[in-house]
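Hi,

Here is the structure I promised to pass on. My notes on it follow below.

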Amino acid sequence: MSAVATEDNRKVTTHRLFEMKQRGEKISMLTAYEYSMAKILDQAGIDVILVGDSASNVIAGHLTTLPITLDQMIFLGKSVMKAVRRALVVVDLPFGSYQGNSKEAIASAIRVMKETHADCIKLEGGHAVKESVERILSAGIPVMGHLGLTPQAINKFGTYAVRAREEEEAKKLVEDAHLLEDLGCFAIVLEKIPSELATQVASELKIPIIGIGAGGGVDGQVLVVHDMLGINQDFSPRFLRRYANLFEVVTDSVQAYIKDVKNRDFPNEKEQY
(Lines give C-alpha, C1' and ligand atoms only; values in the text may rest on other atoms or scores of the structure.)
Protein backbone atom coordinates (compact mmCIF):
# COMPACT_ATOMS: atom_id res chain seq x y z
CA MET A 1 0.00 0.00 0.00
CA SER A 2 1.42 3.41 -0.93
CA ALA A 3 1.69 6.11 1.70
CA VAL A 4 -0.88 8.89 1.59
CA ALA A 5 0.54 12.42 1.81
CA THR A 6 -0.84 14.48 4.69
CA GLU A 7 -0.58 18.19 5.42
CA ASP A 8 2.25 17.45 7.86
CA ASN A 9 4.43 15.17 5.76
CA ARG A 10 4.02 16.44 2.19
CA LYS A 11 6.87 18.49 0.73
CA VAL A 12 6.94 22.15 1.71
CA THR A 13 6.94 24.41 -1.36
CA THR A 14 6.90 28.15 -1.95
CA HIS A 15 3.16 27.87 -2.64
CA ARG A 16 2.58 26.05 0.64
CA LEU A 17 4.27 28.93 2.49
CA PHE A 18 1.85 31.32 0.79
CA GLU A 19 -1.05 29.09 1.86
CA MET A 20 0.27 29.06 5.43
CA LYS A 21 0.24 32.85 5.52
CA GLN A 22 -3.29 32.94 4.10
CA ARG A 23 -4.63 30.73 6.89
CA GLY A 24 -2.56 32.39 9.62
CA GLU A 25 -0.23 29.45 10.29
CA LYS A 26 3.20 30.59 11.45
CA ILE A 27 6.26 29.41 9.48
CA SER A 28 9.22 27.82 11.31
CA MET A 29 12.70 28.24 9.83
CA LEU A 30 16.18 27.34 11.06
CA THR A 31 19.66 27.20 9.55
CA ALA A 32 21.55 23.99 8.80
CA TYR A 33 24.87 23.52 7.07
CA GLU A 34 25.46 19.75 7.02
CA TYR A 35 23.76 16.39 6.65
CA SER A 36 23.29 15.28 10.27
CA MET A 37 21.75 18.48 11.61
CA ALA A 38 19.59 18.90 8.51
CA LYS A 39 18.21 15.38 8.99
CA ILE A 40 17.29 16.13 12.61
CA LEU A 41 15.56 19.40 11.69
CA ASP A 42 13.67 17.87 8.80
CA GLN A 43 12.45 14.88 10.79
CA ALA A 44 11.44 17.19 13.64
CA GLY A 45 9.08 18.97 11.24
CA ILE A 46 10.77 22.29 10.48
CA ASP A 47 9.09 24.09 7.56
CA VAL A 48 12.14 25.81 6.03
CA ILE A 49 15.86 25.09 6.25
CA LEU A 50 18.20 27.94 5.39
CA VAL A 51 21.69 27.01 4.25
CA GLY A 52 22.86 30.40 5.44
CA ASP A 53 26.01 32.34 4.75
CA SER A 54 26.12 32.52 8.57
CA ALA A 55 28.17 29.35 8.07
CA SER A 56 31.00 31.83 7.54
CA ASN A 57 30.70 32.66 11.26
CA VAL A 58 29.56 29.48 13.00
CA ILE A 59 31.31 26.90 10.78
CA ALA A 60 34.40 28.67 9.41
CA GLY A 61 35.03 31.04 12.34
CA HIS A 62 35.08 34.30 10.38
CA LEU A 63 33.96 37.55 12.00
CA THR A 64 31.55 38.35 9.15
CA THR A 65 29.63 36.53 6.42
CA LEU A 66 31.72 38.14 3.68
CA PRO A 67 34.55 35.57 3.26
CA ILE A 68 32.43 32.51 2.43
CA THR A 69 32.51 31.57 -1.27
CA LEU A 70 29.97 30.28 -3.75
CA ASP A 71 31.80 26.94 -3.97
CA GLN A 72 31.62 26.58 -0.19
CA MET A 73 27.90 27.41 -0.13
CA ILE A 74 27.28 24.82 -2.84
CA PHE A 75 29.16 22.17 -0.83
CA LEU A 76 27.05 22.94 2.24
CA GLY A 77 23.85 22.97 0.19
CA LYS A 78 24.63 19.55 -1.29
CA SER A 79 25.22 18.13 2.19
CA VAL A 80 21.91 19.46 3.49
CA MET A 81 19.87 18.34 0.50
CA LYS A 82 20.98 14.73 0.95
CA ALA A 83 19.19 14.69 4.32
CA VAL A 84 15.98 16.59 3.60
CA ARG A 85 12.68 15.06 2.53
CA ARG A 86 10.01 17.55 3.65
CA ALA A 87 11.39 21.03 4.40
CA LEU A 88 11.83 23.77 1.82
CA VAL A 89 15.59 24.33 1.43
CA VAL A 90 16.88 27.85 0.75
CA VAL A 91 20.53 28.54 -0.07
CA ASP A 92 22.08 31.97 0.47
CA LEU A 93 23.92 33.56 -2.43
CA PRO A 94 27.17 34.74 -0.81
CA PHE A 95 28.68 38.21 -0.96
CA GLY A 96 30.12 39.04 -4.36
CA SER A 97 28.09 36.48 -6.30
CA TYR A 98 25.22 38.75 -7.35
CA GLN A 99 25.72 42.40 -6.34
CA GLY A 100 26.17 44.81 -9.24
CA ASN A 101 26.30 42.17 -11.95
CA SER A 102 23.07 40.49 -13.02
CA LYS A 103 24.91 38.11 -15.38
CA GLU A 104 27.02 36.83 -12.51
CA ALA A 105 23.89 36.69 -10.34
CA ILE A 106 22.02 34.38 -12.70
CA ALA A 107 25.13 32.24 -13.19
CA SER A 108 25.54 31.92 -9.41
CA ALA A 109 21.88 31.05 -8.88
CA ILE A 110 21.89 28.46 -11.66
CA ARG A 111 24.98 26.80 -10.19
CA VAL A 112 23.32 26.60 -6.78
CA MET A 113 20.15 25.07 -8.18
CA LYS A 114 21.87 22.59 -10.53
CA GLU A 115 24.61 21.47 -8.15
CA THR A 116 22.78 21.37 -4.81
CA HIS A 117 19.22 20.52 -6.00
CA ALA A 118 17.95 23.08 -3.46
CA ASP A 119 14.48 24.56 -3.79
CA CYS A 120 15.37 28.25 -4.01
CA ILE A 121 17.93 30.94 -3.21
CA LYS A 122 18.06 33.97 -0.90
CA LEU A 123 19.82 37.27 -1.44
CA GLU A 124 20.09 40.56 0.41
CA GLY A 125 18.89 44.01 -0.66
CA GLY A 126 16.08 45.82 -2.42
CA HIS A 127 16.30 48.31 -5.27
CA ALA A 128 20.09 47.94 -5.49
CA VAL A 129 19.76 44.28 -6.56
CA LYS A 130 16.62 44.72 -8.69
CA GLU A 131 18.32 43.64 -11.93
CA SER A 132 19.80 40.55 -10.33
CA VAL A 133 16.46 39.53 -8.82
CA GLU A 134 14.69 40.00 -12.16
CA ARG A 135 17.26 37.97 -14.02
CA ILE A 136 17.21 35.09 -11.54
CA LEU A 137 13.42 35.01 -11.50
CA SER A 138 13.36 35.04 -15.31
CA ALA A 139 15.11 31.65 -15.19
CA GLY A 140 12.32 30.22 -13.03
CA ILE A 141 14.41 30.20 -9.84
CA PRO A 142 12.43 31.16 -6.70
CA VAL A 143 13.94 34.05 -4.74
CA MET A 144 13.61 34.89 -1.05
CA GLY A 145 14.53 38.49 -0.24
CA HIS A 146 16.29 39.85 2.85
CA LEU A 147 15.92 43.40 4.20
CA GLY A 148 16.73 45.33 7.36
CA LEU A 149 20.06 44.37 8.86
CA THR A 150 21.78 42.76 5.89
CA PRO A 151 25.02 41.19 7.20
CA GLN A 152 26.74 41.26 3.80
CA ALA A 153 26.60 45.07 4.04
CA ILE A 154 28.02 45.22 7.57
CA ASN A 155 31.04 47.27 6.49
CA LYS A 156 28.65 49.87 5.10
CA PHE A 157 26.54 49.94 8.27
CA GLY A 158 29.54 49.76 10.62
CA THR A 159 27.35 48.24 13.35
CA TYR A 160 24.94 45.39 14.04
CA ALA A 161 22.48 47.80 15.67
CA VAL A 162 18.75 47.73 14.91
CA ARG A 163 17.98 49.09 11.42
CA ALA A 164 15.17 51.32 10.12
CA ARG A 165 14.52 53.19 13.35
CA GLU A 166 14.59 56.49 11.49
CA GLU A 167 11.66 57.48 9.26
CA GLU A 168 13.65 57.73 6.02
CA GLU A 169 15.22 54.27 6.34
CA ALA A 170 11.90 52.76 7.45
CA LYS A 171 10.16 54.24 4.41
CA LYS A 172 12.83 52.83 2.10
CA LEU A 173 12.53 49.40 3.68
CA VAL A 174 8.77 49.34 3.07
CA GLU A 175 9.32 50.46 -0.53
CA ASP A 176 11.97 47.77 -1.05
CA ALA A 177 9.66 45.11 0.41
CA HIS A 178 6.89 46.07 -2.01
CA LEU A 179 9.40 46.10 -4.85
CA LEU A 180 10.61 42.58 -4.06
CA GLU A 181 7.02 41.33 -3.94
CA ASP A 182 6.19 43.07 -7.23
CA LEU A 183 9.27 41.54 -8.87
CA GLY A 184 8.07 38.08 -7.86
CA CYS A 185 9.95 37.09 -4.68
CA PHE A 186 8.03 34.40 -2.79
CA ALA A 187 9.06 35.56 0.72
CA ILE A 188 11.22 38.10 2.56
CA VAL A 189 13.37 37.86 5.69
CA LEU A 190 13.32 40.99 7.86
CA GLU A 191 16.27 41.15 10.23
CA LYS A 192 16.64 43.27 13.37
CA ILE A 193 14.09 46.03 12.72
CA PRO A 194 11.41 47.53 15.00
CA SER A 195 8.52 45.12 15.52
CA GLU A 196 5.92 47.73 14.59
CA LEU A 197 7.56 48.26 11.19
CA ALA A 198 7.87 44.51 10.57
CA THR A 199 4.19 44.04 11.44
CA GLN A 200 3.29 46.79 8.96
CA VAL A 201 5.25 45.11 6.17
CA ALA A 202 3.68 41.71 6.91
CA SER A 203 0.19 43.22 6.82
CA GLU A 204 0.77 45.10 3.56
CA LEU A 205 2.36 42.25 1.60
CA LYS A 206 0.68 39.07 0.40
CA ILE A 207 3.91 37.03 0.50
CA PRO A 208 5.24 35.54 3.77
CA ILE A 209 7.49 37.72 5.93
CA ILE A 210 10.00 35.81 8.09
CA GLY A 211 11.49 37.67 11.03
CA ILE A 212 14.69 37.48 12.99
CA GLY A 213 14.69 40.10 15.69
CA ALA A 214 11.60 41.63 14.08
CA GLY A 215 8.92 40.78 16.64
CA GLY A 216 5.92 38.48 16.56
CA GLY A 217 3.73 40.31 14.06
CA VAL A 218 5.33 38.64 11.04
CA ASP A 219 4.43 35.34 9.36
CA GLY A 220 7.30 33.22 10.67
CA GLN A 221 10.59 33.15 12.51
CA VAL A 222 14.16 32.11 11.70
CA LEU A 223 17.15 31.58 13.99
CA VAL A 224 20.67 30.26 13.53
CA VAL A 225 20.56 26.71 14.89
CA HIS A 226 23.92 27.04 16.65
CA ASP A 227 22.51 30.01 18.58
CA MET A 228 19.14 28.53 19.59
CA LEU A 229 20.73 25.25 20.69
CA GLY A 230 23.32 27.03 22.81
CA ILE A 231 26.31 25.72 20.86
CA ASN A 232 27.46 29.28 20.24
CA GLN A 233 27.84 31.09 23.56
CA ASP A 234 29.34 34.30 22.16
CA PHE A 235 26.11 35.69 20.69
CA SER A 236 23.29 36.82 22.98
CA PRO A 237 21.03 39.42 21.32
CA ARG A 238 17.64 40.26 22.81
CA PHE A 239 15.76 38.33 20.13
CA LEU A 240 17.55 35.01 20.76
CA ARG A 241 15.84 32.34 22.85
CA ARG A 242 18.09 29.40 23.72
CA TYR A 243 16.19 26.13 23.72
CA ALA A 244 19.15 24.09 24.97
CA ASN A 245 22.70 24.49 26.25
CA LEU A 246 24.58 22.07 24.03
CA PHE A 247 27.85 23.84 24.78
CA GLU A 248 27.56 22.59 28.34
CA VAL A 249 26.23 19.15 27.34
CA VAL A 250 29.03 18.55 24.84
CA THR A 251 31.72 19.91 27.18
CA ASP A 252 30.58 17.63 30.02
CA SER A 253 30.42 14.63 27.65
CA VAL A 254 33.91 15.23 26.26
CA GLN A 255 35.38 15.68 29.72
CA ALA A 256 33.72 12.45 30.89
CA TYR A 257 35.18 10.64 27.86
CA ILE A 258 38.65 12.03 28.55
CA LYS A 259 38.39 10.90 32.16
CA ASP A 260 37.28 7.38 31.18
CA VAL A 261 40.11 7.03 28.66
CA LYS A 262 42.72 8.29 31.12
CA ASN A 263 41.39 5.96 33.85
CA ARG A 264 41.33 2.98 31.48
CA ASP A 265 37.57 2.68 32.05
CA PHE A 266 36.83 3.00 28.33
CA PRO A 267 36.57 0.66 26.55
CA ASN A 268 35.38 -2.01 28.98
CA GLU A 269 35.04 -5.74 28.19
CA LYS A 270 31.60 -5.29 26.61
CA GLU A 271 32.90 -2.57 24.32
CA GLN A 272 35.52 -4.60 22.50
CA TYR A 273 35.71 -7.59 20.16
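**Notes on the model**

Thr65 sits in the loop between α3 (55-58) and α4. Helices (H or I, at least four residues) and strands (E, at least two) are DSSP runs, numbered from the N terminus. This is a predicted model: local features need pLDDT of at least 70, side-chain atom pairs count only at pLDDT 80 or more, and totals for chains, interfaces and linings use all residues. Residues are numbered from 1 along each chain as its sequence is written, and side-chain values use heavy atoms, with hydrogens and water left out.

Back to Thr65. Its relative accessible area is 5%, so Thr65 is buried. Buried means under 20% relative accessible area, exposed means over 50%, and partly exposed lies in between (1.4 Å probe, protein chains only). Thr65 touches Asp53, Ser54, Ser56, Asn57, Pro151 and Gln152, leaving aside residues up to four places away in sequence. Contact here means heavy atoms within 4.5 Å.

**Salt bridges**

Side chains of opposite charge can pair when their charged atoms come close. The rule used: a side-chain nitrogen of Lys or Arg within 4 Å of a carboxyl oxygen of Asp or Glu. By this rule there are eleven salt bridges.

Asp219 pairs with Lys21, with the closest N and O atoms 2.9 Å apart. This pair links distant parts of the chain, 198 residues apart. Asp219 is in the loop between β7 (209-212) and β8 (220-223), and Lys21 is in helix α1 (residues 14-22). Both Asp219 and Lys21 are buried.

Asp47 forms a salt bridge with Arg86, at 3.3 Å between the closest N and O atoms. Again the pair links distant parts of the chain, here 39 residues apart. Asp47 lies in the loop between α2 (35-44) and β2 (48-51). Arg86 lies in the loop between α4 (70-81) and β3 (88-92). Asp47 counts as buried at 6% relative accessibility, and Arg86 counts as buried at 11%.

Asp176 and Lys172 also meet in a salt bridge (2.7 Å, N to O). Both lie in helix α8, four residues apart, about one turn of the helix. Asp176 is buried, with a relative accessible area of 8%. Lys172 is partly exposed, at 45% relative accessibility. Elsewhere, salt bridges that share partners join Asp71, Arg111 and Glu115 into one network.

**A buried charge without a partner**

Which side chain of opposite charge is nearest to Glu191? Lys122, at 6.5 Å. Glu191 is buried yet has no salt bridge. For charge, Lys and Arg count as positive and Asp and Glu as negative; His and the chain ends are not counted. Glu191 is in strand β6 (residues 187-191). Its contacts are His146, Leu147, Gly148, Leu149, Pro151 and Ile212, not counting residues up to four places away in sequence.

**Helix packing**

Axes are lines fitted to C-alpha atoms, for helices over the stretch in contact, and angles run from 0 to 180 degrees between N-to-C directions. Angles under 35 degrees count as roughly parallel, over 145 as roughly antiparallel, 65 to 115 as roughly perpendicular and the rest as oblique.

Helix α6 (residues 130-138) packs on helix α8 (residues 167-183) at about 25 degrees, with axes 10 Å apart. So α6 is roughly parallel to α8. Lys130, Val133, Glu134 and Leu137 in α6 meet Leu179, Leu180 and Leu183 in α8.

Helix α5 (residues 102-116) packs on α6 at about 40 degrees, with axes 8 Å apart. The two are therefore oblique to each other.

Best wishes
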